[in-house]
Amino acid sequence: MAQTLRMRQIGLGIATFVVAIIFILWSPRRREYQPYSPSISTPVPASSGRSFGPDYHGQSSPADINRVTNSTLGFSKIFVIGLPERTDKRDAMTLTSSLTGFNLEFIDGVKGEAVPDKAIPFGKNRDNLPNTYLGSWRSHMNAVRRQVLSPQFNGLPKNDAGQWRIPPIVEEDLESALIMEDDMDWDVRLQSQLETVAKGTRALSGSGSTPNSPYGDGWDLLWLGHCGEIFPEQLPENEGEPLYSKFFINNDKTVPPLDKITGLVDFKSHPEFTRWVHVTGAPICSFAYALTRRGAQKVLFDLSVDRLDANFDNALGTFCRNGGSRKGDPTGLHAKCLTVTPPVFFHHRPKGLIGSESDIVDHGDESQNIREKGTSENIMWSARNNIRNMLMNTKMESQF
Ligand SMILES: *[C@@H]1O[C@H](CO)[C@@H](O)[C@H](O)[C@H]1NC(C)=O
């Protein structure tokens, strides 16, 4: 949610620095990044005509991959977390997603003050988890919990005898959900990006030819929006272990040029315009992530019922990192997390008062300054900046 974002902006700077230091100190030798083995690559589908917008239904084979272009992007639902009073963010998200071609469901964010001491998980208390972080954690947990409800019971009323009214056929099966914060931006061509992402997640999760989810079935979490991520072989605990396979998306015209791209991977040692789908290393920021129901169950256990070790973003990162580590905790949950780098969702800094950007962080002296034009890192055809072009069917503007 917006809250998370702002605290992240500060946290991110620190976290990025800390991660960088950890790498420098802990990796005795930098690995050669190439060749990865095995690697599979596929170019972004050639566009014939307009390959975006609500009327775009995909051009991939096998054809069931094209389910990612439906109105929930191939997931069962899309949840957006944010404070209900930030109507400005809800207006923008609703408009931008509808023009891009998908539908959202808002989940009301929670303020930390509303979480009583007794509801704070083992491992944390109000002193070491300030209200801003606490609210963000709880908001995400509420979204995750929605998904854990067993499908038969989800949203169904009870009958007079107090029993659940279970339909003969499961009507709402939240087999997967995409959860994002309320100031996300993405490329206008999101659906076709997701077609290639789905090819990658299918290849890496070893799914059969007819998976339930267009993204394949073997995963718990897909990290689609983050502020920086590394490959798992860069983790100190994987030193000396074989490289992980990666899915290369080559010549992806939706990837920013090398001088504009941001993140933690050494992009310059790879061909320009490459995107990867890979086993999650240690991502920062939980902008947008998808969970299968099983993934949601694991997250609800690992970040709430069992304990909470850090603020939400870092705890989710650790959850995935343990699963991606070959020498990881054998008693852990073996989370199967996959990441898209550079990410396809990124947080948007809107035009207007810089001080209204955050629901948490006070921008101090800067807060009365005006930003004349909105920006989003790593997004070429920013959907937020192209609202008018989408509405009027005029030429899209690239940020970089
Ligand atoms: C979109 O596709 C997914 C995967 O097949 C499915 O679970 C979901 O229900 C679809 N969304 C809609 C609105 O039909």
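Reader: Leaving aside its neighbours within four places in sequence, which residues is L178 in contact with?

Author: This is a predicted model, in which local features need pLDDT of at least 70, side-chain atom pairs count only at pLDDT 80 or more, and totals for chains, interfaces and linings use all residues. Residues are numbered from 1 along each chain as its sequence is written. Apart from those sequence neighbours, L178 is in contact with L73, F75, I78, A288 and A290; contact requires C-beta atoms, placed from the backbone, within 7 Å.

Reader: What makes L178 count as buried?

Author: A residue is buried if 20 or more other C-beta atoms lie within 10 Å of its own, exposed if 12 or fewer, and partly exposed in between. L178 has 23 C-beta neighbours inside 10 Å and therefore counts as buried.

Reader: Why are α3 and α5 called oblique to each other?

Author: The axes of helix α3 (residues 131-148) and helix α5 (residues 293-305) come within 8 Å and cross at roughly 135°. Angles under 35 degrees count as roughly parallel, over 145 as roughly antiparallel, 65 to 115 as roughly perpendicular and the rest as oblique. The two helices, α3 and α5, are therefore oblique.

Reader: Which residues of α3 and α5 meet?

Author: In α3, M141, V144, R145, Q147 and V148 meet R293, A296, Q297, V299, L300, L303 and S304 of α5. By class, this contact has seven nonpolar, three polar and two charged residues. Here Ala, Val, Leu, Ile, Met, Phe, Trp, Tyr, Cys and Pro count as nonpolar, Asp, Glu, Lys and Arg as charged, and the others, Gly among them, as polar.

Notes
Axes fitted to C-alpha atoms, helices over the stretch in contact; angles between N-to-C directions. Helix = DSSP H or I, 4+ residues; strand = E, 2+ residues; numbered from the N terminus. Contact = placed C-beta atoms within 7 Å.
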